[in-house]
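Hi,

Here is the structure I promised to pass on. Have a look at it first, and then read on for what turned up.

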Amino acid sequence: MEAGKNNREGLRAHSIDAQAQSISAQQVVKAAHEELLQLMRQRAEIMKRIGTVKQTIAGLANLFGDQVLGDDLLELIDRKPNGRQPGFTKACRRVLMEVRRPLGAREVCVELERYAPAILARHKDPLASVTTVLNRLVDYGEARSLNNDRGRRVWEWISETEPPVDAMPSRRTA
């Protein structure tokens with residue numbers, strides 16, 4: 001009889017330990033979730049600031065010429081010619097950053113064709129590739145997806161300036 005009682009008490013103690021561990025695990029998960037959300041908000045704010053600074057530097061380079069910038073700075077704003085084609089994502093970033101207005105995927109393709117035609121030639125379906133990259137830039141917090149006045153989807157580089165009045169944010173807005 002004593003063994004049965006000890007066994008039940010042991011099971012009850014084990015059940016209490018399991019519940020305590022479950023509550024503790026839930027608290028850890030909740031804290032990690034809150035920290036992740038906070039870090040993602042901080043990343044979005046940092047990406048906005050980076051966008052503003054890159055646009056400022058690109059504007060100064062356009063005004064005074066690339067020679068006022070050092071090689072390291074030119075590389076940081078994706079303007080240093082290095083003998084090879086820039087990456088597809090970098091090229092899309094550059095288009096959004098330099099155009100400074102919301103662009104549709106087709107318009108981004110036109111801009112890429114203008115300044116880096118070899119980049120598009122490497123893609124079987126350039127429009128799909130551009131759309132994928134633009135959506136990733138939204139996910140990274142570097143771009144914003146909007147609907148223009150015709151209801152078409154457009155993307156713009158995020159900076160700390162106010163969003164345009166002629167475009168409404170879509171569901172994918174970062």
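Strand β2, residues 153–157, is mostly covered, with four of its five residues buried. Its pairing partner is strand β1 (residues 143–147), and the two run antiparallel over five bridges. If you want a spot to start from, go to S145: its bridge partner in β2 is W155. Together β1 and β2 make a hairpin, with five residues between the strands. In that turn, take a look at G151, which has a positive phi of about 80°.

Now for the helices. α3 covers residues 88–99 and α4 covers residues 105–115; their axes come within 10 Å and cross at roughly 105°. Since angles of 65 to 115 degrees count as roughly perpendicular, that makes α3 roughly perpendicular to α4. On the α3 side, the contact is made by F88, A91, C92, R94, V95, L96 and V99. From α4 come V108, E111, L112 and Y115. Sorted by type, the residues of this α3–α4 contact are nine nonpolar and two charged, with no polar ones.

A word on confidence, as this is a predicted model. The chain averages a pLDDT of 78, and 75% of the residues score at least 70. The stretch to watch is residues 162–174, where pLDDT stays under 50. The model still has 27 contacts for residues 162–174 beyond four places in sequence.

Cheers

Key
Residues numbered from 1 in each chain as written. Predicted model: local features only at pLDDT ≥ 70, side-chain atom pairs only at ≥ 80, totals over all residues. Heavy atoms only, no water. pLDDT = per-residue confidence, 0-100. Contact = heavy atoms within 4.5 Å. Axes fitted to C-alpha atoms, helices over the stretch in contact; angles between N-to-C directions. Parallel < 35°, antiparallel > 145°, perpendicular 65-115°, else oblique. Nonpolar A, V, L, I, M, F, W, Y, C, P; charged D, E, K, R; others polar. Buried < 20%, exposed > 50% of the residue type's maximum accessible area, 1.4 Å probe, protein only. Pairing = 2+ DSSP bridges.
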